[in-house]
Amino acid sequence: MPNQSTAPEASPIPKVLDLKASDLSAVLRAGWSDFCKAPLFGIFFSAIYFFGGWVMLLIYTQVGEIWWAVPFWVGFPMIAPFAAVGLYEVSKQFEQGTHPTWKHILGVVIAERYRQIPSIGALIMFWFIVWIFVSHSVFAIIFGLSAMGSTPDFIGMLTTQNGLMLLAGELVIGAFFAFVVYMTTVMGLPLLLDRELDFITAMIISTKTVIENPTIMMIWAMIIAICLFAGMLLGFLGLFIALPVLGHATWHLYRRALSK
């Protein structure tokens, strides 16, 4: 007798809805409210990026490769969304009238390894590695290979004409890489957590949401970038507020952007 499939039934494809400017202020208020109701979850998931960021900067400093801080800071928004996966579930629990527990939230996050989020995660990490390679190449083109091995006066180097060219190039190219990730994940990650869809479909729906609501989604991208960079400039301490509030808010934006 053939085995019965235990795979869950695929969810219907959601419809992209129209977003208004007022939606952004509403989701930010909702994100702040969720953070205040369960701050420890936000602090926990943000701590991963806080300590990870400092460890990488210390390593770069010790090995004399502090210039790597530039591509890391520019590329950080590409990997930050993954801190939000657990936060999406926290907001989902509040939405359903249930108070989240550590057992449930961590259980959901761990269980995601059997679903589609790791696939989209692998693509994003590959894209991040490509960005690092491109950033490495831009540095070599502007300063030459000899400068990469020894950068004793990193700040002074960045204030030169070539240094300003490097920063401009890194920001423009990095913004392109980050925006591609943003388009495919801003709705894709909460969609994969919430429904049974393959990651390619989720990425397409996320991209479609950005295309059909260009102004609102561009403003949201700018809000995310500004908040994350501000949080990093404060010694990564600002991420303990920026990441959870943005994570919770993105969940609420997802609810407003796609039909149930």
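Phe-41, Phe-44, Phe-45 and Trp-102 are tied into a cluster by ring pairs (Phe, Tyr and Trp rings, the six-membered one for Trp, with centres within 6.5 Å; planes under 30 degrees apart are stacked, over 60 edge-to-face, the rest tilted). This is a predicted model, where local features need pLDDT of at least 70 and side-chain atom pairs pLDDT 80 or more, while totals for chains, interfaces and linings use all residues. Residues are numbered from 1 along each chain as its sequence is written, and side-chain values use heavy atoms, leaving out hydrogens and water.

The structure has 11 aromatic pairs. Phe-177 has 6% relative accessibility, so it counts as buried (under 20% relative accessible area; exposed is over 50%, partly exposed in between, with a 1.4 Å probe and protein chains only). Trp-251 and Tyr-254 are a tilted pair, at 5.1 Å and 50°, and both are buried.

Now for the core. Which residues touch the most other members of the largest nonpolar core? They are Tyr-182, Met-187, Met-217, Trp-220 and Leu-253, out of 45 residues (a core is a set of buried Ala, Val, Leu, Ile, Met, Phe, Trp, Tyr and Cys joined through side-chain atoms within 4.5 Å). Helix H13, residues 239-257, gives the most to this core, with nine residues (helices are DSSP runs of H or I, at least four residues, numbered from the N terminus). Another core, of seven residues, lies apart from it and includes Phe-41, Phe-45, Phe-94 and Ile-105.

Terms used:
Helices (H or I, at least four residues) and strands (E, at least two) are DSSP runs, numbered from the N terminus.
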